[in-house]
Amino acid sequence: MTAAVPAPTDLRCGMDRLLVQVRAVLGREPVEGEAYVFGNRARTRLKLLSVDRHGVWLAVRRLHDGGYVWPRAGESTWTLSADQFAWLCAGVDWRRLSMGRMSDGQRV
C-alpha cells in the first residue's frame, strides 16, 4: 500500500522527521510493506518513504517540467495502487486514467 500525505512537506526532512509526520498527520504507525509519499509545495518533487523488515528506504524524484497531481486543500490522504503510483511518478494525472496497466515502455 502507498499513502500520499496531503499537506506540502519540507523535503529537506530526513527519514526520521518524515516517520514522525506519518505518525502525527496520518495517525498511523509505519509498518513493513507500506510506503508513504510526500510532495513539496511546488509539486515538482516527491519523497517516498518505505518501511521493510531491515529498516527504512528514502527515495527522491524530481520533475523537470510540469508538476505532480497532489491532493487539494481539504482532501484526505490517498491510498494508491502500484499502477496509480507509477502514473503519479511519471507526472501524469493518474485520477483521470483508466485502471488498465501501463505498457512496459511507459514504466518509470
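I began with Ala-4, which stands opposite Val-37 in β2; two strands are said to pair if DSSP finds at least two bridges between them. The model is predicted, with local features needing pLDDT of at least 70 and side-chain atom pairs counting only at pLDDT 80 or more, while totals for chains, interfaces and linings use all residues. Residues are numbered from 1 along each chain as its sequence is written, and side-chain values use heavy atoms, leaving out hydrogens and water.

I then looked up the partners of β2. Strand β1 (residues 2–4) pairs with β2 in the parallel sense over three bridges, where strands (E, at least two residues) and helices (H or I, at least four) are DSSP runs numbered from the N terminus. With helix α1 (residues 15–26), β1 and β2 make a right-handed β-α-β unit; right-handed means that, with the strands pointing away from the viewer, the path from the first strand over the helix to the second runs clockwise.

On to strand β3 (residues 45–52), which pairs with β2 in the antiparallel sense over five bridges, and here I found Phe-38 opposite Lys-47. The two strands form a hairpin with five residues between them, and Arg-43 in the turn has a positive phi of about 60 degrees.

Next I checked how β2 (residues 35–39) is covered, and five of its five residues are buried, that is, under 20% relative accessible area with a 1.4 Å probe, counting protein chains only. In a regular strand the side chains alternate between the two faces of the sheet. In β2, Ala-35, Val-37 and Gly-39 lie on one side and Tyr-36 and Phe-38 on the other, all buried.

Lastly, I noted that 38% of the 108 residues of the protein count as buried.

Methods
Buried means under 20% relative accessible area, exposed over 50%, partly exposed in between (1.4 Å probe, protein chains only).
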